[in-house]
Amino acid sequence: MEFAFSGRVIEWRGPSPYFFVPVPDEESADIREVAAMATYGWGVIPVEARIGEVAFRTSLCPKDGGYLLPLKAAVRKTHSVSAGDDVTVEMTVRLRP
């Protein structure tokens, strides 16, 4: 499953700050339909994502019926992305064979 969407970067401040892009509702609903074929536990969904020319692998985190895309530091630093910035994401859900 492939998706393209834009979203605003949010920051979760815990012991270590984490940055995420919320997956829009429509895309989250589509992902929930195949979640059982993708998840490896705890409801996380493995994905390949791209922001600009930077591609990376991560796992979506379930949150309030939707999903959050974690942004690795290398991705944020390459594009000088911080909380409140809008980014465009290309993403592929990695289904299990």
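**A walk through a predicted model**

Residues are numbered from 1 along each chain as its sequence is written, and side-chain values use heavy atoms, with hydrogens and water left out.

Now to the overall picture. The protein has 2 helices and 7 strands, and from the N terminus on they follow the order β-β-β-α-β-β-β-α-β. Along the principal axes, the C-alpha atoms fill a box of roughly 35 × 30 × 20 Å. For 97 residues, a compact globule would have a radius of gyration near 13 Å, and the protein, at 13 Å, agrees with that; the radius is taken over C-alpha atoms, and the globule rule is 2.2 Å times the number of residues to the power 0.38.

How much of the protein is buried? Buried residues make up 40% of the 97 residues, where buried means under 20% relative accessible area, exposed means over 50%, and partly exposed lies in between, with a 1.4 Å probe and protein chains only. The accessible surface comes to about 5,800 Å², of which 52% belongs to carbon and sulfur atoms, and these areas come from the Shrake-Rupley method with a 1.4 Å probe. As for charge, there are 11 positive and 13 negative side chains, with the centres of the two sets 10 Å apart; Lys and Arg count as positive and Asp and Glu as negative, while His and the chain ends are not counted, and each charge is placed at NZ of Lys, CZ of Arg, CG of Asp or CD of Glu.

Let me turn to the inside. In soluble globular proteins, nonpolar side chains tend to be buried together. Here the largest nonpolar core has 25 residues, and those with the most contacts inside it are Ile31, Ile45, Leu60, Leu69, Leu71, Val89 and Met91. Two or more residues of this core come from each of strand E1 (2-8), strand E3 (17-22), helix H1 (25-38), strand E4 (45-51), strand E5 (54-63), strand E6 (66-70) and strand E7 (86-93). Such a core is a set of buried Ala, Val, Leu, Ile, Met, Phe, Trp, Tyr and Cys residues joined through side-chain atoms within 4.5 Å.

Which residues does Ile31 meet, once its neighbours within four places in sequence are left aside? Ile31 is in contact with Phe3, Val23, Ile45, Leu60, Tyr67, Met91 and Val93, contact meaning heavy atoms within 4.5 Å. Across the protein, of the contacts between residues at least 6 apart in sequence, 58% join residues at least 24 apart.

Beyond residues up to four places away in sequence, Val87 touches Phe5, Ser6, Gly7, Val9, Val21, Ile51 and Val81. Val87 and Arg8 are 79 residues apart in sequence, and their C-alpha atoms are 6.4 Å apart in space.

Glu2, in strand E1, counts as exposed at 68% relative accessibility, and apart from neighbours within four places in sequence it is in contact with Met91 and Thr92. In helix H1 we find Met37, which counts as partly exposed at 45% relative accessibility and which touches Leu95 and Arg96, again not counting residues up to four places away. Ala36 is also found in helix H1, and at 59% relative accessibility it counts as exposed.

Finally, back to the loops. Most residues other than glycine have a negative phi. Asp64, however, has a phi near 55 degrees, a positive value in a residue other than glycine, and it counts as exposed at 74% relative accessibility. Ser80, in the loop between helix H2 (73-78) and E7, has a positive phi of about 50 degrees although it is not a glycine, and Ser80 counts as exposed at 63% relative accessibility.

Methods:
This is a predicted model: local features need pLDDT of at least 70, side-chain atom pairs count only at pLDDT 80 or more; totals for chains, interfaces and linings use all residues. Helices (H or I, at least four residues) and strands (E, at least two) are DSSP runs, numbered from the N terminus.
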